[in-house]
Amino acid sequence: MDQGAEGPDTAHSADQFPDTGGEAPGQAARIIIPYLLERVPEFRELHEIRLKGWKNPAGDRFFAKQRRQADQADEHTKQYFYTLMQRIAQAINNETGAFSIQNSDMSSPNRILDTCMAPGGFLSVALGLNMEADAIGFSLPVASGGHNILLPAYSNVEIRLLDVTMLAADLGTTDIPHDHPERDGFLPKQLQRDDLFDLAICDGQVLRTHSRMEYQERREARRLTTSQLAIGLSHLKPGGTMVVLLHKLEAWDTVLLLHRFSKFSKLRLFKPKMGHAKRSSFYMVAQDVQSQDPEALHAVERWREIWKAATFGSEEEYVKAIWAGEPSEQEVLDAFGPELIRMGKQVWITQARALAKASFNN
């Protein structure tokens, strides 16, 4: 959870409310939200509760307190978050079996990749369920604002302290511009072509405590997401599993991502009732991922292109990279809308129930 492990329920209260699709202002509000309001009573209920909470300053105070607790966590609070993440991972596994590796190829050891591992709750559960597995975990150094690693020492776990957004070589980029302000900070290749994993955990979020340059601020969330996805999918064994933390199911870029994964994997969504209930966050579990499918290979290339534009490109190049060649909202909804509704109902129900009971909505 490292690079974004703010701790549960620590997002700004705006996290409750309708999103406009990040870099595509108005797309969710113009097309996706009306589509869902018309067809999904569960989303309509959540939408109304969000609007009510939006008007109440108590919601801002509630989430501001949560952020302070995460940013200033003492040892007791850090241990609480670590244990909570273990409980969430176990709940995900109970529902989906995501962390229990089913590998029919006994000629190679089971392997786990955790792209943003600290404090290590998810990886600890995965290791407990797969006692013979080897693991590699990337974790932002504490000196750079990362979290302490609470995972006990394992002989079969290799921890590499690094910023996953700086893995240029692993993301297919070796031509670093000479005038880039962080030219010397980009890292050499960490994973070789034949480094393949049965399970990839991609649940990092941007940390407020992460020290970074000003130019990174607005693009950092997308740099982090695309670097995790590209590295995770490109090093996943065919038939493997990815567990990915996402936000705002109705956001346009989230819908696009789910639609893309649906073309080469079996998708399930899971929203924990602990930790994430009031927030828009949820987990995508992609199983039986056909990582060598042309659609999967194309997805990796798209994420690499977006990461490169977000890291080195002008504003025009950045926006173009994000949306170039993507289908229209209507095309996606025509092809994927019913499946989005089917998968998303429990996510919306869980958040609606939690927000309805929140003190700032009563």
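In which strand is the place of Asp288? In this predicted model, Asp288 belongs to strand β7, which spans residues 281-289. Its phi angle is near 50°, a positive value in a residue other than glycine. With a relative accessible area of 34%, Asp288 is partly exposed. A second residue with positive phi that is not glycine is Lys248, for which the angle is near 55°. Lys248 is placed in the loop between β5 (236-247) and α7. In contrast to the partly exposed Asp288, Lys248 has a relative accessible area of 17%, and because the limit for a buried residue is under 20%, Lys248 counts as buried. The backbone also contains a cis peptide bond, from Ala118 to Pro119, with omega near 5°. Pro119 is found in the loop that links β1 (111-114) with α5.

The overall architecture is considered next. The secondary structure of the protein chain consists of ten helices and seven strands. Of the 362 residues in the chain, 57% are buried. Among contacts with a separation of 6 or more, 76% are between residues 24 or more positions apart.

In soluble globular proteins, nonpolar side chains tend to be buried together. In the present model, the largest nonpolar core has 67 residues, and the members that touch the most others are Leu36, Leu233, Met242, Leu258, Phe261 and Met284. Helix α10 (residues 329-357) supplies the largest share of this core, with ten residues. Another core, of 28 residues, lies apart from it and includes Ala89, Ile101, Leu199 and Leu245. Helix α7 (residues 252-262) is largely enclosed by the rest of the structure, because nine of its eleven residues are buried.

Arg268 is classed as partly exposed, at 35% relative accessibility. When neighbours within four places in sequence are set aside, the contacts of Arg268 are with Glu95, Thr96, Tyr283, Met284, Val285 and Gln287. Arg268 and Met343 are separated by 75 residues in sequence, yet their C-alpha atoms are 6.6 Å apart in space.

Several helix pairs were examined for their packing. Two packed helices are described by the angle between their axes and the distance between the axes. Helix α4 (residues 75-96) packs against helix α5 (residues 121-129) at an angle of about 50°, with the axes 7 Å apart. The two helices are therefore oblique to each other, and α4 passes α5 in a right-handed crossing. From α4, the residues Tyr82, Met85, Gln86, Ile88, Ala89, Gln90, Ile92 and Asn93 meet Gly121, Phe122, Ser124, Val125 and Leu129 of α5. The residues of this contact comprise eight nonpolar, five polar and no charged.

The axes of α8 (residues 294-312) and α9 (residues 315-323) cross at roughly 165° and come within 8 Å. This angle makes α8 roughly antiparallel to α9, and the crossing is left-handed. Arg302, Glu305, Ile306, Ala309 and Ala310 of α8 form the contact with Glu317, Tyr318, Ala321, Ile322 and Trp323 of α9. Seven of the residues in the contact of α8 with α9 are nonpolar, none is polar and three are charged.

Helix α8 also packs against helix α6 (residues 220-234), at an angle of about 150° and with the axes 9 Å apart. The crossing of α6 past α8 is left-handed. On the α6 side, the contact involves Arg222, Arg223, Thr226, Ser227, Leu229, Ala230, Leu233 and Ser234, and on the α8 side Ala296, Ala299, Val300, Trp303, Arg304, Ile306, Trp307, Ala310 and Thr311. By class, ten nonpolar, four polar and three charged residues take part in the contact of α6 with α8. Leu233, one of the α6 residues in this contact, is also one of the members of the largest nonpolar core that touch the most others.

Methods:
Residues are numbered from 1 along each chain as its sequence is written. This is a predicted model: local features need pLDDT of at least 70, side-chain atom pairs count only at pLDDT 80 or more; totals for chains, interfaces and linings use all residues. Side-chain values use heavy atoms; hydrogens and water are left out. A nonpolar core is a set of buried Ala, Val, Leu, Ile, Met, Phe, Trp, Tyr and Cys residues joined through side-chain atoms within 4.5 Å. Buried means under 20% relative accessible area, exposed over 50%, partly exposed in between (1.4 Å probe, protein chains only). Helices (H or I, at least four residues) and strands (E, at least two) are DSSP runs, numbered from the N terminus. Axes are lines fitted to C-alpha atoms, for helices over the stretch in contact, and angles run from 0 to 180 degrees between N-to-C directions. Angles under 35 degrees count as roughly parallel, over 145 as roughly antiparallel, 65 to 115 as roughly perpendicular and the rest as oblique. A crossing is left-handed if the near helix is turned anticlockwise from the far one by less than a right angle, and right-handed if clockwise. Contact means heavy atoms within 4.5 Å. Ala, Val, Leu, Ile, Met, Phe, Trp, Tyr, Cys and Pro count as nonpolar, Asp, Glu, Lys and Arg as charged, and the others, Gly among them, as polar.
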